[in-house]
Amino acid sequence: MSTAVRQRVVAPVWQVTRPARPGRVPGVVLAGLRDRGPAPVDHRLDPHPVLTLALACGEAAPGIDEPTGRQHRGSIVTGLGFGVGGAARVRAANVEWMQVRLSPAIARAVLSVGPAELESSVVALDDLWGERRAARLREQLAQAASWEERFALVEAFLARLTAAEPAIDPELAWAWDRIVAEHGRVRVEELADELGWSRKRLWSRFHAQLGLPPKRAVRLVRFDWAATRLAGGQAAARVAADCGYADQSHLHRDIVAFTGVTPATVAGQSLIATADMAWVDRVPRLPARWGSAPASRVDGPHRPPPPAGGDTRGGRVPGRSTDVRSRHRRRQPARSAGAGDSG
């Protein structure tokens, strides 16, 4: 699901297949997953800095159990940061499904709602795309003869949805990709300064259009990178130093806040076991033309023209109801990983 596959084990739980060719849709990473059995899959979900589509490729489908006890089955979408605290579970048995990782910069184009409406939540794909469209794609995926055919189907579908540039400010697309490229080792004040924006302006627009405050985005991306390295066998002290934590205690607190377990447990416990560690930390990026680096403050703030389509203020798309937050959103009861974040 929306969690990274962080595991170094001998007997993988999932068989992962990635496209043989580079993806044609910017901001998207695809993978096909098949559980290896014979025992049903039941593991903890941790947060990941993407929105994730789980597309069922047959009758059986993976399921998500929320901390509240609410269950989701079939093709679903998880929002940025879903799984904070480690109380969410994924369950599956004899399933094939496609994981589609989305950059929050293109989420509105693909899902018809922005990341802010889906933060830390799980929503049925039928509720976003409509039952007919979701069912049609599910049937096509089930009938496809190979993973490559499935990848081609999904890429063609997403290419049509994302023909226009992301419906967010270009400055924010740049800021998000800067955070991802630096693995969260960047200060919010630096981003605001390079944009020529006030910290308050960056906070407001980032939160409205990307679904979480910039400081929490930095923490989420940094955590994801640190957890991946822990699962790869690196020592906690080395991970803390390389990932920009103040010390090992700082790393420990962040890992516990995000996963509910200690760094040692993250390093040795199966989350989603996979034979393909190269796929673990694949966070989708956008091309440079969708988020150019800003000019210096001396030259004034970088103001490229707004992208075509959508609401660049992070509000509602005219003529479309976006009440997903009130009807479908089920937040995690514990928000310890984001507590106190104001920027």
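View 1. The model shown here and in the following views is predicted.

**View 2. The buried side of helix α8.** Four residues of α8 are buried, namely Leu202, Phe206, Gln209 and Leu210. These residues lie on the same side of α8, because the arc they cover around the axis is only 85°. In general, residues three or four places apart point the same way, since an α-helix has 3.6 residues a turn.

**View 3. Length and end of helix α8.** Helix α8 comprises twelve residues (residues 199-210). At 1.5 Å a residue the helix should span 16 Å, and the distance of 16 Å between its end C-alpha atoms therefore agrees with expectation.

**View 4. An open sheet of four strands.** The strands are arranged in the order β3-β8-β5-β6, and their pairing is antiparallel. Strands β3 (41-44) and β6 (71-73) form the edges, each pairing on one side only. From one strand to the next, the twist averages 15°.

**View 5. Pairing of strands β5 and β6.** Strand β5 (residues 63-65) runs antiparallel to β6 and is joined to β6 by three bridges. Within this pair of strands, Asp65 stands opposite Gln71 in β6. Strand β6 is also an edge strand of the sheet.

Definitions and conventions. Residues numbered from 1 in each chain as written. Predicted model: local features only at pLDDT ≥ 70, side-chain atom pairs only at ≥ 80, totals over all residues. Heavy atoms only, no water. Pairing = 2+ DSSP bridges. Helix = DSSP H or I, 4+ residues; strand = E, 2+ residues; numbered from the N terminus. Axes fitted to C-alpha atoms, helices over the stretch in contact; angles between N-to-C directions. Expected span 1.5 Å × (residues − 1). Buried < 20%, exposed > 50% of the residue type's maximum accessible area, 1.4 Å probe, protein only. Arc of directions from axis to C-beta.
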